[in-house]
Amino acid sequence: MTPAPGSAAQTVQPVHGTRLDPWIGAYADRTHGMRASEIRALFAVANRPEVVSLAGGMPNLAGLPLDAIAESTQRLVATRGLTALQYGSGQGDERLREQILEVMRLEGIDAHPDDVVVTTGSQQALDLVTRLFVNPGDVVVAEAPSYVGALGVFRAYQADIVHVPLDEHGLVPEALEEALTRLRAEGRPVKLLYTVPNFHNPAGVTLSLERRPRVLEIARRHGVLVVEDNPYGLLGFSGDPLPAMRSMEDDGVIYLGSFSKTFAPGYRIGWAVAPHAVREKLVLASESAILCPSNASQLSISTYLENHDWRGQIKQFREMYRERRDAMIGALSEHIPSATWTVPDGGFYTWVRLPDGLDAQAMLPRAITALVAYVSGTAFYADGQGADHMRLSFCYPTPERIREGVRRLASVVDAEREL
Ligand code: PMP
C-alpha cells in the first residue's frame, strides 16, 4: 500500500540496524511527558521473595472471605450470568450505584444514583476528568508531593503541574491562595486542584476538618474545580471518617472513590461523583474509552456488598493496617532515629525524610542490594524535588517483615552517612 503524502508511514524513517523504535517520529505530542512509573520499574525486583518491599501500595487481601466470595460468584454466574457477561450501561450498573451511595454516606455524602459514574478503578476516573478539562499547557494544581499515578495522567494530557505544599494537616490553604493568585496574575489558566485529603499517598497526612471549607472556598473564588481523590478515606485508624469535601460542596467538587483498598483492586471498580453537567460528559468520555465498565466486576461487587458484612471487613482491614503502621513507626523510631517521618492515622504510607541531605534515589540500588525496597520521593513530584524523601508502605508485609525491612534500611542509611 502506498502511504498518503505526509502520513506517518511516509515521514518516519525506520532506524535500521538497531533495535530502536522505528516509530519514534510518529508519536503524538502528548506522549512526550509519558515515562515509566518508578514504582512499576521497581516491581519486578521488589517482588522477589528475599526482598522486603516497602515500595508497593498493594492492599493486603489475606483477610477476605475467599470461600464465601467464590460461592457467591458461582451463584451470580448461575443466576445472572447472561447479564454479568454482557455489555452494560456506560454509567454503570444502577443497583451498584445505589450501593455506592451507602458507602459514601459514611463520609457524609448525600447524592443521587444518577450522580455516580462507575469507572474502571478511580484511575480511569482521573483520566476521564483530565481529558474533559485539560488542554495542553493548562495548569493542574497538585499537592507537593502527589500520587504518582495522577501525575502520570496529568502529564499524558500535557498539563502544566504546579505543586502546592502540604504540612501535617494537609494542603496549606495560604499556599494555595498564593499560588492561585500568582497563576491568575501570570495569565495561566488553572483547571483543576487535585487533592487526596485522607491518609495521603505518599505523605500519609490528612486534611484537617478546619481546612476543608477553607480550601473549597479558595478554589471556588478562583473558579477552580476540585478533584477529591479518596480511595483510603474509610481506612482510618481512630475515630469516624472525616466528612468528605464533596459533602460540604456539590458544585465545585468531583469526588473519586474506589473499591480497590476497601475490597479488592482486581475487580478494577471505582467511581466518580460530579456536578450534573460534568457527569453527563464523563459518561460520554467513558463510553468512548471503554463502552462500559465490566458488568462481571460490578455485579460481583454488588453481590458482595449485598451479602457480606462489608463494614465489618473494612473494620478488620483497619485493624490490620493499624498494627502494621505501629510496626513501621516503632521500627523507624528504634532503627533510624536520625530521620523524620509522618505518623499516618490511616491508609498505607508514611513519608520519611532522610537525615543529612541523603539522596533516596541514589541510595536505592544499595537498598535493593541490602534486600529492601522503597519508592524515592522524586516519583511524587513533577519537578524533580523530593530526593531527600522516600515513601514507605506498610500495607502488604507482615509486621515482622516490616521490622526486618526497616532494620535493613537502617544499615543502608548508616553506611550512606559514613560515605
Ligand atoms: N488515587 C490514589 C491516591 C491511589 O493511591 C490509587 C491507587 N494506588 C488510585 C487513585 C487508583 O486506584 P484504583 O484505580 O485502583 O481505584
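I call a residue buried if 20 or more other C-beta atoms lie within 10 Å of its own, exposed if 12 or fewer do, and partly exposed in between, with C-beta atoms placed from the backbone. The model is predicted, and I kept to local features with pLDDT of at least 70 and side-chain atom pairs at pLDDT 80 or more, while totals for chains, interfaces and linings use all residues. Residues are numbered from 1 along each chain as its sequence is written.

Entry on backbone angles. I noted that most residues other than glycine have a negative phi, and most peptide bonds are trans. I looked up Leu 371, which has a positive phi of about 65° and lies in the loop between α12 (360-369) and β12 (372-373), where helices (H or I, at least four residues) and strands (E, at least two) are DSSP runs numbered from the N terminus. Leu 371 counts as partly exposed because it has 17 C-beta neighbours inside 10 Å. Arg 268 has a phi near 55°, also positive, and its place is the loop between β8 (253-258) and β9 (270-273); with 18 C-beta neighbours inside 10 Å, Arg 268 is partly exposed.

Entry on peptide bonds. I found a cis bond between Ala 144 and Pro 145, with omega about 5°, and Pro 145 sits in the loop between β3 (139-144) and α6 (148-156). Another cis bond joins Asn 201 to Pro 202, with omega about 15°, and Pro 202 belongs to the loop between β6 (190-195) and α8 (211-221).

Entry on the ligand. I counted a residue as near when its C-beta atom, placed from the backbone, lies within 6 Å of the molecule. Of the 14 residues around the ligand, those that come nearest include Gly 121 and Ser 258, and helix α5 (residues 121-133) gives the largest share of the shell, 3 residues.
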